[in-house]
Amino acid sequence: MRDDSSPFSGLYRRTISPLRRYLSRLLGNPAEAEDVAHDAYLRVRPSVENASAQNPDALLYTTARRLAINRLKRRAISPVVPAEIDADRAAATAPGVVQQVIARQELARLDAAIARLPEGCRTVLLLRKIEQLSHQEISARLGIAISTIEKQHARALRLLRADLESASPVTTASPQEAQP
């Protein structure tokens, strides 16, 4: 249960609004003012709770002012100024519909190209790229020489590259181009 009669609670209720206004004027940013006020309360709380602070209001304002000055100094040397992020103008974290469709088409083309590889090349490629086995591990698993594994792997990559380069990218034809 929260103790609303503690000295710190009284200090907090009495000073939170004026302290935030003071810090907002000093920093020019209400969000930073809230952060600094929060940090100042955290720093003075032990002194207020154990009654070692003779003038808790002065201690709080002095602590907050010093924290604000430190923040201003950091702001002056930092090339990036923290600012409010405009959600309407911020980049989306998830890919858009167009990017998802393009990625699915590329994956389908890659799956088809892998399926067209000769079986030995396909097996080596999948063990190497999907299961991330070394050439030596693939050699041990399939019971064939490492040099054969290396050749099959190189051939698989060469055939895949040629297949994907020869495949035409998906384009949307205009109605005039579609007519014979």
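User: At what angle do helix α1 and helix α2 pack in this predicted model?

Analyst: Let's find the two helices first: α1 covers residues 7-27, and α2 covers residues 30-49. Their axes sit 9 Å apart, and the crossing is right-handed. The packing angle is about 145°.

User: How many nonpolar, polar and charged residues are in the contact of α1 with α2?

Analyst: On the α1 side, the residues that meet α2 include Phe8, Leu11, Leu19 and Arg20. From α2, the partners include Val36, Tyr41, Arg45 and Glu49. Sort the contact by class and you get 15 nonpolar, 2 polar and 5 charged residues.

User: Which element gives the most to the largest nonpolar core?

Analyst: That core has 17 residues, and Leu19, Leu23, Val36, Tyr41 and Leu60 have the most contacts inside it. The elements giving two or more residues to this core are α1, α2 and α3 (56-77). With 7 residues, the top giver is α2.

User: What share of the chain's residues is buried?

Analyst: Zooming out, the chain has 8 helices and 0 strands. A residue counts as buried when its relative accessible area is under 20%. Out of 180 residues in the chain, the buried share is 23%.

Terms used. Residues are numbered from 1 along each chain as its sequence is written. This is a predicted model: local features need pLDDT of at least 70, side-chain atom pairs count only at pLDDT 80 or more; totals for chains, interfaces and linings use all residues. Side-chain values use heavy atoms; hydrogens and water are left out. Axes are lines fitted to C-alpha atoms, for helices over the stretch in contact, and angles run from 0 to 180 degrees between N-to-C directions. Helices (H or I, at least four residues) and strands (E, at least two) are DSSP runs, numbered from the N terminus. A crossing is left-handed if the near helix is turned anticlockwise from the far one by less than a right angle, and right-handed if clockwise. Contact means heavy atoms within 4.5 Å. Ala, Val, Leu, Ile, Met, Phe, Trp, Tyr, Cys and Pro count as nonpolar, Asp, Glu, Lys and Arg as charged, and the others, Gly among them, as polar. A nonpolar core is a set of buried Ala, Val, Leu, Ile, Met, Phe, Trp, Tyr and Cys residues joined through side-chain atoms within 4.5 Å. Buried means under 20% relative accessible area, exposed over 50%, partly exposed in between (1.4 Å probe, protein chains only).
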